[in-house]
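Dear colleague,

Please find below the structure that I am handing over to you. My findings follow directly after it.

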Number of protein chains: 2
Amino acid sequence: MNDSERFKWEAGEAAARLVRSGDLVGLGSGSTVRYFLEALGRELAAGKLVDVSGVPTSKRTEDLARALGIPLVELPAEGVDLAVDGADEISPALDAIKGLGGALAREKIVAAAAHRFVLVADGSKRVERLGERAPVPVEVLSFGWKRTAALLQSLGCEPVLRGGVIEPFATDNGNLVLDCVLEAGFDAPAFAAAADGLPGVLGHGLFLGMAHEALVAGSGGVISLRSPQSP
Amino acid sequence: MNDSERFKWEAGEAAARLVRSGDLVGLGSGSTVRYFLEALGRELAAGKLVDVSGVPTSKRTEDLARALGIPLVELPAEGVDLAVDGADEISPALDAIKGLGGALAREKIVAAAAHRFVLVADGSKRVERLGERAPVPVEVLSFGWKRTAALLQSLGCEPVLRGGVIEPFATDNGNLVLDCVLEAGFDAPAFAAAADGLPGVLGHGLFLGMAHEALVAGSGGVISLRSPQSP
């Protein structure tokens with residue numbers, strides 16, 4: 001296991017220690033969450049945690065959780081106790097860009113429904129300003145997507161159809177993803193609100209003011225970053 | 001043909017007279033648009049209009065337009081010259097509630113892409129304040145829909161799952177519709193912005209500041225209402 005994988009493993013293990021017996025847990029997606037799921041499944045199998053259920057945010061997570069023996073339920077109206085998910089970029093204020101995995105719409109539904117939303121990542125995901133490395137993924141209807149891309153461009157970004165026009169990537173919801181390249185330090189709240197208001201846009205990968213905590217693993221171990229909105 | 005049908009027919013015929021040869025036309029959905037499509041097909045067949053293509057906003061409109069010999073294309077990045085669509089409520093400012101037909105997401109994409117967006121309706125659709133008669137349809141992902149319904153409720157509306165839980169209505173995009181009952185005179189811009197920002201919401205039936213003109217047919221004939229944003 002190289003350093004990067006070890007850091008992801010450490011972050012996932014640390015997140016599993018946040019789960020309490022009886023919790024309903026939102027299960028994010030991606031390579032770091034995978035270690036969280038494995039730790040959670042292990043604790044359940046060992047009987048150290050009981051009466052824990054999960055709400056998966058992607059088909060891949062659903063399959064993995066099922067294989068690990070984590071009971072799954074649909075997202076109830078009351079939301080979940082805790083949600084754990086990865087991120088592609090995390091700012092000092094714990095704003096995040098997510099969605100390189102393509103599950104952003106479901107991930108955001110679950111994150112917004114969580115009493116406590118925790119990001120897990122290795123240290124390479126920390127940035128000073130959003131947009132330094134990752135594009136903002138925007139999920140759009142395939143109907144009229146070229147027009148939607150033009151509207152996104154008018155918001156100041158460079159949208160790229162994920163997968164290309166010949167064989168475009170399709171989300172679990174059957175939609176397309178436009179990866180929008182923005183300048184580092186762009187006005188994230190303004191872009192988020194404008195994109196939310198565009199017809200044809202289902203959602204985007206900006207998770208602003210949502211995370212309560214981030215567990216970030218690096219050579220110094222796992223550190224916990226708290227946000228002002230932390231419960 | 002009863003009065004209501006005759007009014008719809010008159011509005012549809014009047015809208016067809018707005019089409020010019022060479023136009024790319026957004027084709028709305030619903031019972032009034034049907035008469036527009038029939039008039040458009042007739043003019044094309046008679047050679048009075050040439051080089052006109054349409055962008056359909058629903059499968060039903062697509063089938064009907066095809067049967068009427070109206071050439072169809074995908075929505076291009078440049079948008080359309082003219083879009084014609086029905087409405088469930090039209091306010092004096094030409095704000096509208098649409099989507100009882102369930103095609104609201106595609107209808108809004110096309111309406112927003114139109115150089116000129118024209119509503120067609122019989123006089124019964126005119127209201128003093130939005131919400132007097134029609135609920136606001138909100139298209140949502142089936143994933144987590146109970147949570148999304150709870151979030152909509154917190155915005156002050158009473159969401160009802162269209163079709164019921166046993167056999168819910170599905171949009172052309174495979175999503176669900178929550179019909180949100182609001183008080184007449186509710187704050188439509190605030191509700192629209194809040195709903196747009198909810199994860200799980202694809203779009204809603206509030207068309208605010210979008211229509212340039214409304215062709216409304218009643219016992220006094222067809223009247224044209226213009227909005228401040230009319231080109």
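In what order do the strands of the open sheet of chain B stand? Before the answer, please note that the model is predicted. The order is β8-β9-β7-β10, and the 4 strands of this open sheet pair in the antiparallel sense.

**The sheet of chain B**

The edges of this sheet are taken by β8 (158-161) and β10 (201-204) of chain B; each has a single partner strand, so one side of each is left without a neighbour in the sheet. From one strand to the next, the twist averages 30°. Between β7 (residues 136-140) of chain B and β10(B), the antiparallel pairing runs over 3 bridges. Within β10(B), H204(B) is the bridge partner of V138(B). A helix also lies across this sheet: α6 (residues 188-196) of chain B covers β7, β9 (176-181) and β10 of chain B, and runs at about 155° to β10(B).

**The sheet of chain A**

Chain A has an open sheet of 4 strands in the order β8-β9-β7-β10, with antiparallel pairing. Here β8 (158-161) and β10 of chain A are the edge strands, each with a single partner strand, so one side of each has no neighbour in the sheet. Neighbouring strands are turned against each other by 30° on average, with direction ignored. Strand β7 (residues 136-140) of chain A pairs with β10(A) in the antiparallel sense over 3 bridges, and V201(A) in β10(A) is the bridge partner of V140(A). Helix α4(A) packs on this sheet, where it touches β7 and β10 of chain A, and its direction makes about 65° with that of β10(A).

**The contact between the chains**

Chain A and chain B each bring residues to the contact: 28 residues come from chain A and 28 residues from chain B. About 2300 Å² is buried between chain A and chain B, and carbon and sulfur atoms give 70% of this area. Of the area that chain A buries against chain B, 30% is supplied by I109(A), F143(A) and R147(A), more than by any other three residues.

Which elements give two or more residues to the side of chain A that touches chain B? They are β2 (53-56), α4 (104-112), α5 (145-154) and β10 (201-204) of chain A. The most comes from α4(A), with 6 residues. By class, this side of chain A has 16 nonpolar, 6 polar and 6 charged residues.

As for polar pairing across the interface, there are 2 residue pairs in polar contact between chain A and chain B, both at pLDDT 80 or more. The count of salt bridges between chain A and chain B is 0.

**Salt bridges**

Over all chains, the count of salt bridges comes to 26. One of the pairs is formed by the side chains of D179(A) and R162(A), at 2.7 Å from N to O.

**The surroundings of D95(A)**

Finally, I would draw your attention to D95(A), which is found in the loop between β4 (89-90) and β5 (96-97) of chain A. Which residues are in contact with D95(A), leaving aside its neighbours within four places in sequence? They are E89(A), I90(A), L130(A), F207(A), L208(A) and G209(A). With G209(A) there is a polar approach to the backbone: its nitrogen lies 2.7 Å from a polar atom of the side chain of D95(A). The C-alpha atom of D95(A) is separated by 30 Å from that of F143(A), and the two residues are 48 residues apart along the chain.

With kind regards

Definitions and conventions:
Residues are numbered from 1 along each chain as its sequence is written. Chains are lettered from A and ligands numbered from 1 in the order in which they are written. Side-chain values use heavy atoms; hydrogens and water are left out. Contact means heavy atoms within 4.5 Å. Buried area is the accessible area (1.4 Å probe) that two parts lose on being put together, summed over both. A salt bridge is a side-chain nitrogen of Lys or Arg within 4 Å of a carboxyl oxygen of Asp or Glu. A polar contact is a pair of N or O atoms within 3.5 Å; within protein, one must be able to donate a hydrogen and the other to accept it, and residues adjacent in sequence count only if both atoms are side-chain atoms. Ala, Val, Leu, Ile, Met, Phe, Trp, Tyr, Cys and Pro count as nonpolar, Asp, Glu, Lys and Arg as charged, and the others, Gly among them, as polar. Two strands pair if DSSP finds at least two bridges between them. Axes are lines fitted to C-alpha atoms, for helices over the stretch in contact, and angles run from 0 to 180 degrees between N-to-C directions.
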